[in-house]
Amino acid sequence: MKLVHEFRPSERIIIDSARLEQVFQRLGDRGAEAFVMEAVEAISELLAEVDGFVRNDALSEIPPRAQQVSRISAEIGLTSLARVARDIGIAASRDDVVAYRAVWERLIRIGDRSLAQVWELPGLSI
């Protein structure tokens, strides 16, 4: 008899609602919604670039993009995503493909869940 376990990683998603609230106070509802949407689009584009660099074995190109993802994520309160983006930059700068792949999978999980939770916050109607 074989015993097989399926592991389903589950990380806690941290959203800094105070940071997001500051964005809304500073920009107003419509301005904040537009800002958050632009940030999400920028994050998506940067991550697509990162994925392309991995496919082309160009890990040295990743750290600056990862830093941008981390900064943009932090600006809109996506704390977990900002941290994992930083970690992916570190793995890439160390040329550690195994660590990079593991962190990339984590980034996808956290990114999907973070964005889903942001859209569910009161006051955000995008």
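Okay, so before anything else: we're looking at a predicted model, where local features need pLDDT of at least 70, side-chain atom pairs count only at pLDDT 80 or more, and totals for chains, interfaces and linings use all residues. Residues are numbered from 1 along each chain as its sequence is written, and side-chain values use heavy atoms, with hydrogens and water left out.

The chain has four helices and zero strands, counting DSSP runs, H or I of at least four residues for helices and E of at least two for strands, numbered from the N terminus.

Now, the core. Of the 126 residues, 40% count as buried, meaning under 20% relative accessible area with a 1.4 Å probe, protein chains only. The largest nonpolar core has 36 residues; such a core is a set of buried Ala, Val, Leu, Ile, Met, Phe, Trp, Tyr and Cys joined through side-chain atoms within 4.5 Å. Its largest share, 13 residues, comes from α1. Among the residues with the most contacts inside this core are I62, L78 and W104.

What does L78 touch, if we leave aside neighbours within four places in sequence? You'll find I14, I15, S73, S114, L115 and V118 in contact with L78, contact being heavy atoms within 4.5 Å.

The axes of α2 (residues 62-75) and α3 (residues 79-93) come within 8 Å and cross at roughly 170°; axes are lines fitted to C-alpha atoms over the stretch in contact, with angles from 0 to 180 degrees between N-to-C directions. So α2 and α3 are roughly antiparallel to each other, the word for angles over 145 degrees.

Methods: Angles under 35 degrees count as roughly parallel, over 145 as roughly antiparallel, 65 to 115 as roughly perpendicular and the rest as oblique. Buried means under 20% relative accessible area, exposed over 50%, partly exposed in between (1.4 Å probe, protein chains only).
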